[in-house]
Amino acid sequence: MSLFVSTLFLVVFLMLAKLHTLSLLGIDALPVEVEVDVSPAAIPKVILVGLPEAAVKESVHRIERALVNSGYVRPQNRVVINLAPAELPKQAASFDLAIALGLLAASGQLDSDLLNQYAVAGELALDGFTRPIKGALSMAISAANNGARGIVVPSANASEAAVVENIEVIAVDSLTQATAFFAGHLPLEPTPSRLDELFDELGGYDVDFADVRGQEMAKRALTLAAAGGHNLLMVGPPGSGKTMLAKRVPSIMPVLSAEESIETTRIYSALGKLPSGRPLLARRPYRAPHHTISNAGLVGGGSVPSPGEISLAHNGVLFLDELPEFNRQTLEVLRQPMEDGQVSISRALHSTEFPADFLMIASLNPCPCGFRNDPRRQCHCNINQVERYMSKISGPLLDRIDLHIEVPAVPFNELSAAADGTDSHSMGETVVAARTRQAERFAGSRIRINAQMTTRQLRELCPLDGACRKMLEQSVDQLGLSARAHDKVLRVARTIADVDGAETVGIEHLSEAINYRMLDRQFWS
């Protein structure tokens with residue numbers, strides 16, 4: 001009889017449970033298998049292996065109290081928890097729910113055939129209730145790509161994860177609810193995807209270019225920037241409306257597509273920066289970092305790389321106000337992302353790439369006091385001060401900015417005018433019409449907008465007649481334009497022609513494009 005009891009004891013307690021969860025690395029979610037083994041031992045002990053970081057190591061104590069406070073029995077045996085693959089660092093609290101369910105299954109308190117069909121992610125409080133996690137959208141995408149039937153997440157993350165339409169998203173409020181679902185005692189309906197509703201509900205803008213009095217030339221340049229994806233630099237005295245103009249640029253850019261929206265939302269989700277009540281970003285992002293920002297804060301970094309401001313501005317606008325006040329080295333790290341539309345951050349063990357396809361708008365004063373060339377105010381800066389101020393911006397960075405415009409102070413008669421200026425709706429229609437022409441031109445290629453044209457495409461799509469060629473030659477010689485600036489002039493001219501509805505680049509389009517390159521020579525010569 002004693003032998004039978006001992007054998008039964010081993011059958012009951014020598015159990016192994018396996019569940020599927022996910023771990024964030026940058027903005028991507030990688031599949032992780034949670035293995036929980038419960039076996040007899042003289043002294044209860046929990047061993048957690050699989051390269052867990054501090055937040056994961058501490059989860060053992062949270063999970064134990066969550067089990068007890070939810071009415072379950074804490075295994076009084078030797079417990080080994082393995083998070084595979086072992087070489088992948090695990091650093092978030094999102095493993096809590098999966099480990100807790102694994103403990104219940106391995107100790108015989110949960111019997112379910114659904115554990116291998118669903119991925120599980122969620123943090124637990126000591127009372128057994130779930131708390132929101134970062135990166136739920138990326139986890140849902142990864143689970144769907146790996147063939148999972150669904151994913152179980154905290155209720156606070158359910159609407160965010162439900163953006164992914166080809167996977168069941170099960171929302172749970174507590175460990176008890178999750179256990180009942182897997183045991184088949186509590187059928188839970190998947191959270192519905194509200195993609196179209198979210199776009200209609202969250203897609204509007206609160207600002208409009210009609211609020212900006214005067215500055216019609218600046219609005220024209222901003223329309224061109226949005227139409228062709230061209231970076232832009234504004235030079236003008238304080239209070240001339242540079243920041244006000246920049247804030248309104250997203251309102252004239254084309255509506256985010258579902259793919260662009262999900263791609264941008266993933267970044268905010270991974271950083272825990274999704275606004276409350278907004279599970280999906282339906283507006284173009286607008287980021288305006290302070291000039292004291294570090295290199296890592298701007299482009300991303302850290303021992304485990306995380307996205308920076310340029311990635312948060314992906315598919316939107318990055319506004320750098322008071323450009324010369326930024327650290328020069330910080331500005332220089334922008335050069336590669338501005339060309340490639342992504343940033344690569346390398347560490348000893350791995351390299352991570354983050355998307356960074358943004359429209360950069362920068363502003364600066366013409367001198368340290370801000371009133372150089374202002375007829376109403378006297379400038380007290382000497383030549384050395386102005387040169388030192390302007391020298392903070394390197395030539396290579398300037399070369400990567402397509403449009404340079406002057407934003408003068410607005411006269412009183414324009415400020416007090418009763419009529420509104422050009423509004424965002426009319427500017428947006430112009431931008432969409434130009435983008436449509438570009439989409440037809442680049443159909444079948446990876447290029448979407450004129451700013452992304454290769455040198456070969458420039459030669460094919462922007463042929464110049466004799467008069468245009470002569471004008472461009474004179475401008476290159478007189479202004480000392482680099483080869484990169486030469487190509488950018490042609491790209492801007494192509495955008496101007498698209499905005500005007502012209503099939504070919506004419507001399508009027510090229511002349512306007514060249515004028516947008518003159519300002520850097522005027523102020524930096």
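**Close-up views of a predicted model**

The structure holds two cavities of 30 Å³ or more. A cavity is defined on a 1 Å grid over the protein atoms alone, as a set of points where a 1.4 Å probe fits but cannot get out. Grid points are joined across faces, edges and corners, and a volume is the space filled by probe spheres set on the points. This is a predicted model, in which local features need pLDDT of at least 70 and side-chain atom pairs count only at pLDDT 80 or more, while totals for chains, interfaces and linings use all residues. Residues are numbered from 1 along each chain as its sequence is written, and side-chain values use heavy atoms, with hydrogens and water left out.

View 1. Strand S3 (45-49), helix H3 (59-69), strand S4 (78-84) and helix H4 (96-106) each give two or more residues to the lining; helices (H or I, at least four residues) and strands (E, at least two) are DSSP runs, numbered from the N terminus. The most, four residues, come from H3. By class, the lining has ten nonpolar, one polar and three charged residues, where Ala, Val, Leu, Ile, Met, Phe, Trp, Tyr, Cys and Pro count as nonpolar, Asp, Glu, Lys and Arg as charged, and the others, Gly among them, as polar.

**View 2. The second largest cavity.** Here the space is about 40 Å³. Its lining includes Ser159, Ala162, Val163, Pro192 and Arg194, and divides into six nonpolar, two polar and one charged residue.

**View 3. The crossing of helices H5 and H11.** The axes (lines fitted to C-alpha atoms over the stretch in contact, with angles from 0 to 180 degrees between N-to-C directions) of H5 (residues 136-145) and H11 (residues 258-271) come within 7 Å and cross at roughly 125°. Ala136, Leu137, Ser138 and Ile141 in H5 meet Ile262, Thr265, Arg266 and Ser269 in H11, contact being heavy atoms within 4.5 Å. These residues comprise four nonpolar, three polar and one charged.

**View 4. An open sheet of five strands.** The order is S11-S14-S17-S10-S18, with parallel pairing; two strands pair if DSSP finds at least two bridges between them. Strands S11 (286-287) and S18 (403-406) stand at the edges, each with a single partner strand, so one side of each lacks a neighbour in the sheet. Two bridges join S11 to S14 (residues 317-320), and Tyr286 stands opposite Val317 in S14.

Key: 1 Å grid on protein atoms, 1.4 Å probe; cavity = no way out; pocket = protein on both sides within 12 Å on 5 of 7 lines; lining within 4 Å.
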